[in-house]
Amino acid sequence: MEGEGIIHRQVEANGIQIHLAEKGEGPPVLLLHGFPELWYSWRHQILGLASRGFRALAPDLRGYGDSSAPPDAVSYSVLHIVGDLVALLDALALPQVFLVGHDWGAIIAWYMCLFRPDRVKAVVNLSVAFSPFLPRNPEGKLVDQFRSLYGDDYYICKFQEPGVIEATFAHIGTGNVMRGLFSFRGTNPLNEQEDASLPPSWLSEEDISYYISKFEKSGFTGPVNYYRCLDLNCELGAPWYSAQIKVPVKFIVGDKDLTYHYPGIQDYLHKGGFKQDVPLLEEVVVMEGVAHFINQEKPHEVTEHIYNFFNKFSLDASKL
């Protein structure tokens, strides 16, 4: 993104270094990426939001890209990640932000709304709804639930044993891993990645090369450690069991996204369960023909959805 006016810097926060990409002036919008992504996943939204009068802020989350990657898996709990973001906002002297999350970024955004709703003006979350990954079922462990539904070969289950998936990815090669994951449309992204040769149409070779360069440098252990903390997160989130999200929310998902085909999720989203857990939910948008990496596959449409939702709060956004 050379020449686009995006500013990069390192910010010390919560005891680590966080790489931050930003552009624009105005009400701040904090953009949280997922797996296997980077700040770069928001490149289109950074430019689009900045051109519309917002200050777009996109960090590499802990363990990714040019941010610090602590070695221990337990250092990637949601308390650590939300702590990073709160400390980042403090370092930037931002008392409150608009928040956007995708994939793991959406999970972190939900937790941030639970833990620190005072720091969040409104949320647009993509792909991952509030219920599936948060402590909604006190019976049994979350990873075991995925295993019972999809078997031991499901990617979340394969990610659990330290070092195993890293060795698999090293054998496949970073380029094939990235192309395969980004190209995926279905229920298990590990099933179809070994023979991937071309990125999807919405990713250029320049884009995929950027991802490859960063993941070859920082590796996959930090990103996969988020999955290794799933059960720990449920334990740590116990005090917030049954708590509601009390900030305004817009949710967007593609109908070809694996997250839109989890058992019961469509009834949850469309028949009142989601609204009960998120009482300030204003809209659920299902984008036809779109898969998981929605903000990159349909960048302009997603930017418009984000802008239109946050712009409704523009009368008092100057307080942010």
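Modeller: Asparagine 14 counts as partly exposed, because its relative accessibility is 40%, a value between the limits of 20% and 50%. Please bear in mind that this is a predicted model. Asparagine 14 belongs to the loop that connects strand E1 (7–13) with strand E2 (16–23). Its phi is near 55°, which is positive although the residue is not glycine.

Aspartate 103 also calls for comment on its backbone: its phi is positive, at about 60°, and it is not a glycine. This residue occupies the loop between strand E5 (97–102) and helix H3 (104–115). With 8% relative accessibility, aspartate 103 is classed as buried, since that class covers values under 20%.

A further backbone feature concerns a peptide bond. The bond leading from phenylalanine 35 to proline 36 is cis, and its omega is near -5°. Proline 36 is part of the loop between strand E3 (28–32) and helix H1 (43–51).

I turn now to the side chains, starting with lysine 250 in strand E7 (residues 249–254). Lysine 250 is counted as buried because its relative accessibility is 5%. Its side chain makes a polar contact of 3.1 Å with the side chain of histidine 305. Leaving aside residues up to four places away in sequence, lysine 250 touches Val123, Val124, Asn125, Glu283, Val285, His305 and Phe309.

Aromatic pairs come next; the whole structure contains 39 of them. In one of these, the ring centres of tryptophan 39 and tyrosine 40 are 5.5 Å apart and the planes meet at 85°, so the pair is edge-to-face. Both tryptophan 39 and tyrosine 40 are buried. Phenylalanine 251 and phenylalanine 274 form another pair, with centres 5.5 Å apart and planes at 80°, and this pair is therefore edge-to-face. Because phenylalanine 251 lies in strand E7 and phenylalanine 274 in helix H12 (residues 273–277), the pair ties together parts that are 23 residues apart in sequence. Phenylalanine 251 and phenylalanine 274 are both buried.

Finally, a ring is also involved in a contact with a charge: the charged end of arginine 52 sits over the ring of tyrosine 307, at 5.7 Å from the ring centre.

Conventions
Residues are numbered from 1 along each chain as its sequence is written. This is a predicted model: local features need pLDDT of at least 70, side-chain atom pairs count only at pLDDT 80 or more; totals for chains, interfaces and linings use all residues. Side-chain values use heavy atoms; hydrogens and water are left out. Helices (H or I, at least four residues) and strands (E, at least two) are DSSP runs, numbered from the N terminus. Buried means under 20% relative accessible area, exposed over 50%, partly exposed in between (1.4 Å probe, protein chains only). A polar contact is a pair of N or O atoms within 3.5 Å; within protein, one must be able to donate a hydrogen and the other to accept it, and residues adjacent in sequence count only if both atoms are side-chain atoms. Contact means heavy atoms within 4.5 Å. Rings of Phe, Tyr and Trp (its six-membered ring) pair if their centres lie within 6.5 Å; planes under 30 degrees apart count as stacked, over 60 as edge-to-face and the rest as tilted. A charge sits over a ring if NZ of Lys or CZ of Arg is within 6 Å of the ring centre and within 35 degrees of the ring normal.
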